[in-house]
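Here are my notes on the model. They are in numbered points, to be read beside the coordinates.

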Amino acid sequence: MIKLEHVDKYFGDLHVLKDINLEVKEGEKLVIIGPSGSGKSTTVRCMNFLETPSSGHVYIDGEELTHHNKTKLVRRTTSMVFQQFNLYPHMTVLRNLTLAPMKLHHKSKKEAEELAYHYLDVVGLRDKAHVYPTTLSGGQQQRIAIARALCAQTRIILFDEPTSALDPETIQEVLDVMIKLAKENITMVVVTHEMGFARQVADRIVFMADGEILEEGTPDAFFENPSNERLKQFLGKIIRK
Amino acid sequence: MSGLFSAEAWNKVWLYRGTFLLGLESTALTALFGLILALVIGIVLGLFATSGKKPLAFVARVYVEVIQNTPVLLQMCFLYYALAFSDLSIGIINTGILTLGIYHGAYVAEVVRAGIESIPRGQFEAAASQGFGYLGRMYYIILPQSIKIILPPMVNQVVNLIKNTSCLYIVGGTDLISVTYNFVTGENTGGAYAPAYILSGLLFFIVCCPLSSLASMWEISLKKRDVRSGQKARSAERMV
């Protein structure tokens with residue numbers, strides 16, 4: 001479904017991704033963990049070309065992602081949920097949800113609104129359709145952002161630290177929505193620090209540090225007997241709570 | 001008869017009021033078309049500057065620096081005489097439209113650039129991740145948000161543009177300032193300095209003051225709205 005092949009990324013002199021090879025299968029829930037600055041966000045941002053790899057190839061559905069085709073290919077195949085939600089503040093929630101379906105996926109207003117209400121129900125915020133995003137709490141905004149991603153009806157959703165900017169008490173409501181989604185046949189790539197979520201939802205977990213993939217495996221293998229020294233250290237620090 | 005309180009001088013100005021109004025018309029015409037040209041140049045260059053494409057940004061930068069760091073008077077003379085010597089006589093009004101369009105285009109470009117740059121990166125990224133191309137991103141997401149940042153300084157540019165029509169005097173213009181100066185130094189009309197300048201100033205004021213008040217009212221109401229939505233957001237957070 002998504003394939004990264006020998007992907008390297010430099011920011012100036014900084015080598016942030018070092019020969020990343022990663023394949024995500026259809027319907028798979030892939031969770032990427034690792035300390036900050038390890039390149040996990042950059043990895044997921046390369047999957048829709050928000051970052052362009054310095055070298056290497058990215059394939060979606062077997063088609064190579066290039067500057068030339070990125071707008072159309074991304075539109076058709078992937079959606080993204082961001083750490084900072086990035087809802088459009090000048091539009092109501094409903095308009096946030098219907099904009100892309102109407103303007104990019106050629107749905108009628110009626111179809112787009114039906115779709116929007118359907119996914120507002122999924123995230124439990126139907127009553128917020130007509131308010132502006134800034135009037136909502138962080139957790140609510142992120143649930144709206146997830147509904148917006150769902151409205152595009154793409155088969156892949158990328159989550160870039162979706163709960164990292166939230167107050168602790170609103171994290172769970174967002175995770176609950178994501179757990180619900182994970183039961184569907186959507187391909188999910190999730191960068192997160194939520195180990196409980198990773199354990200519960202992931203088909204496979206990838207551990208990154210210093211721009212490299214150091215370990216890959218099922219949640220059980222990962223948490224029960226991690227072999228990599230860096231991973232042990234990392235898990236030791238993060239699971240303390 | 002140049003005195004402020006000379007009835008004769010006021011009378012003369014009143015007699016020639018039509019001349020002043022013609023000057024105002026010429027100023028308004030120059031300003032209107034100059035503004036349209038400035039907007040076109042400014043929006044295109046503002047988009048160039050924020051396009052992320054180095055050659056385009058470079059073109060915009062060079063244009064803005066050259067225009068902003070040379071006097072508008074010089075630009076006007078240059079254009080007028082350069083065109084005249086190459087047998088391209090385009091007339092005074094067109095010279096004014098071109099010069100002011102080119103000059104204020106540079107400032108409008110900076111206003112547009114600043115407006116676009118004030119929008120958080122995440123907005124561009126969210127739009128790109130949905131599959132909006134450059135124009136769609138700008139049209140639906142970025143420009144509607146930057147417009148409130150762009151508008152107040154834009155209105156100031158309009159006011160400056162109207163006042164800068166006075167530069168046309170140096171190439172023998174028919175604008176309000178040129179008309180006023182010709183009036184006070186004219187053979188038949190000369191001498192009524194104070195009343196002529198007062199009338200001329202008044203006419204400028206009547207046109208420009210509503211515009212700049214509009215700009216400041218706009219700014220105040222936008223600030224209020226931001227405060228209000230901020231408060232709403234905070235009280236919503238408390239409720240959760």
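1. A term to begin with. A helix here is a DSSP run of H or I with at least four residues, and helices are numbered from the N terminus. In that scheme, Arg61(B) belongs to α3 of chain B, which covers residues 54–68. Note that the model is predicted.

2. Gln75(B) is 14 residues away from Arg61(B) along the chain, and 18 Å separates their C-alpha atoms.

3. Now the sheet in chain A. It is open and mixed, with six strands ordered β6-β7-β8-β3-β9-β10. The edges are β6 (78–81) and β10 (212–217) of chain A; each has a single partner strand, so one side of each lacks a neighbour in the sheet. Direction ignored, neighbouring strands are turned by 20° against each other on average.

4. In chain A, β9 (residues 204–209) runs antiparallel to β10(A), and five bridges join the pair. Met208(A) has Ile213(A) in β10(A) as its bridge partner.

5. Which residues does chain B bring to chain A? The contact involves 21 residues of chain B and 25 residues of chain A. On the chain B side, α6 (121–130), α7 (134–164) and α9 (193–239) each supply at least two residues. The most come from α6(B), with seven residues. By class, this side of chain B has nine nonpolar, nine polar and three charged residues.

Technical notes: Residues numbered from 1 in each chain as written. Chains lettered and ligands numbered in written order. Predicted model: local features only at pLDDT ≥ 70, side-chain atom pairs only at ≥ 80, totals over all residues. Pairing = 2+ DSSP bridges. Axes fitted to C-alpha atoms, helices over the stretch in contact; angles between N-to-C directions. Contact = placed C-beta atoms within 7 Å. Nonpolar A, V, L, I, M, F, W, Y, C, P; charged D, E, K, R; others polar.
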